[in-house]
Amino acid sequence: MSDKKKADIFELYAQDPEQADEIVFGRVSDEGRRGFLKGAGLATMGALLGASIPFHRNMPSGLIPAALAENAFKIEGKDGLTVLNDRPVNAETPAHLLDDDVTPSARHFVRNNGIPPTNTNAKEWTLTIDGHVNKPLTLSIEQLRSEFERMRLNLQIECGGNGRAFFEPKAKGNQWTVGAVACAEWTGVRLRDVLNRAGVKNSAIYTAHYGADTHLSGDPAKLPISRGVPIDKAMEEHNLIAFEMNGEPLHAMNGAPLRLVIPGWPGSFSHKWLNRIQLRDVVHDGPKMTGKAYRVPKHPVEPGAKVDEKDMMFIESMPVKSLITNPMSGVKISVDNPVLDVRGHAWAGDNTVKEMYVSIDFGASWVKAKLYRPKNRYAWQRWNAQVQFPSAGYYEV
Ligand SMILES: Nc1nc2c(c(=O)[nH]1)N[C@H]1C(S)=C(S)[C@@H](COP(=O)(O)O)O[C@H]1N2
Ligand SMILES: [Mo]
């Protein structure tokens, strides 16, 4: 079925589920269940799903068959992403669509905690720097563009929850598999140049980031998220206040018209729809800075272990990781030529990956991959390897 048709079905159900049932699948009975599917109804369902549903009588009305709902919600300008949630919008990128050195904007994942702003006019946008500074500033994007050195860097953003779907025991939150990570080319100015313009006071030890998105509840007094970093991290030269992504204005879902990019640390520091940075003389305490948010044990513990508050710390540098982006998982190759070229990216938060190995025997033995330098610090690193299979069968690389 075409994606267009899927999206139409989703819209139909959003408007009036019972009527949609009637249109798509035939009469709905008084008990609110699907009536006997017959004639046109059955034929429609068969055509849509490619199979009949033996238990169709038990399906609650308004339930969109999962096979149709999958990816039915489309994010404009995003292509092939797996949507995990539509309120707030959260979508990850299948690994094979992350093969590019520079992630196209259409394939950059989306992680929203609230509702994106509707007025994102770059001409009217301002950024305020205040708090523990000598001279609070409010700058237009035009001033950022013309008064500061412009930087263009390939920077990786990875959500702190990337990979959470594989946790055992299960962790709360979006069940990201591997695709809440991307490395786009960002154009902007150094965060530190802008902070220095305002004059960082000695008392400033922490940043607090604010944006124009609103809380899911609609309560204007509540913020969806506001995180901040220690001042030393903030002054690192690769942090950008970015106004372009891959040479174009930012995608609406990736923070247009202005965002922070703080690479190496959880993506949540890279505040989107950025309109204010406050310098503080205490650790920031905005939403998602307190309680258990973004905290991990200081030392490895058993999965599910109870850890004392004092043994927990903020996630800072993200851990080392790699991703296979080609071939796509599930590939079959001929036994006549049991060789496979595998490639992907590797990264390690604030660090650089020095060596990379692949295994086809569940980690018993390892073959060295060719690993390339990052384009610039904080860009992910390309790797490739050729693996040879000893006999026909099922393997995991
Ligand atoms: N204003 C604002 N900024 C935000 C968020 C948000 O919900 N609101 N989400 C954060 C999180 S948790 C992540 S992982 C990154 C994701 O950036 P992306 O959506 O551009 O991929 O944005 C961060 N910046
Ligand atoms: Mo995140």
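This is a predicted model: local features need pLDDT of at least 70, side-chain atom pairs count only at pLDDT 80 or more; totals for chains, interfaces and linings use all residues.

Biologist: Okay, what is the strand order in the open sheet of four strands?

Modeller: The order is 15-16-20-19, and the pairing in this open sheet is antiparallel. Strand 15 (321-326) and strand 19 (370-371) are at the edges with a single partner strand each, so one side of each has no neighbour in the sheet.

Biologist: And how many bridges are there between strand 16 and strand 20?

Modeller: There are eight bridges, which link residues 339-347 of strand 16 with residues 381-388 of strand 20 in the antiparallel sense. To find a place to look, take aspartate 341, which has glutamine 386 of strand 20 opposite it.

Biologist: What holds paired strands together, in general?

Modeller: Strands of a sheet pair through backbone hydrogen bonds, and they may run parallel or antiparallel.

Biologist: Switching to strand 4, which strands does it pair with?

Modeller: Strand 4 (residues 126-131) pairs with strand 5 (residues 137-140) in the antiparallel sense over four bridges, and a hairpin of five residues joins the two. Within that pair, threonine 126 has serine 140 as its bridge partner. Strand 4 also pairs with strand 12 (residues 274-280), here in the parallel sense and over four bridges, with aspartate 130 opposite glutamine 278.

Biologist: Now the inside: which residues have the most contacts within the largest nonpolar core?

Modeller: They are Ile129, Leu144, Ile241 and Ile277, in a core of 29 residues. Among the elements that supply at least two residues each are strand 4, strand 5, strand 12 and helix 5 (141-147).

Biologist: Which element gives the most to this core?

Modeller: Helix 6 does, with four residues. Its buried residues, along residues 191-198, are Leu191, Asp193, Val194, Leu195 and Ala198. Just after helix 6 comes glycine 199, which takes a positive phi of about 85°.

Biologist: Back to isoleucine 241, what is it in contact with, leaving aside neighbours within four places in sequence?

Modeller: The contacts of isoleucine 241 include Leu191 and Val194, along with Leu127, Leu144, Leu274 and Ile277.

Biologist: One last thing, how many residues are in the second, separate core?

Modeller: That second core has 18 residues, including Ala180, Leu240, Ala242 and Met245.

Note on methods: Residues are numbered from 1 along each chain as its sequence is written. Chains are lettered from A and ligands numbered from 1 in the order in which they are written. Side-chain values use heavy atoms; hydrogens and water are left out. Two strands pair if DSSP finds at least two bridges between them. Buried means under 20% relative accessible area, exposed over 50%, partly exposed in between (1.4 Å probe, protein chains only). A nonpolar core is a set of buried Ala, Val, Leu, Ile, Met, Phe, Trp, Tyr and Cys residues joined through side-chain atoms within 4.5 Å. Contact means heavy atoms within 4.5 Å.
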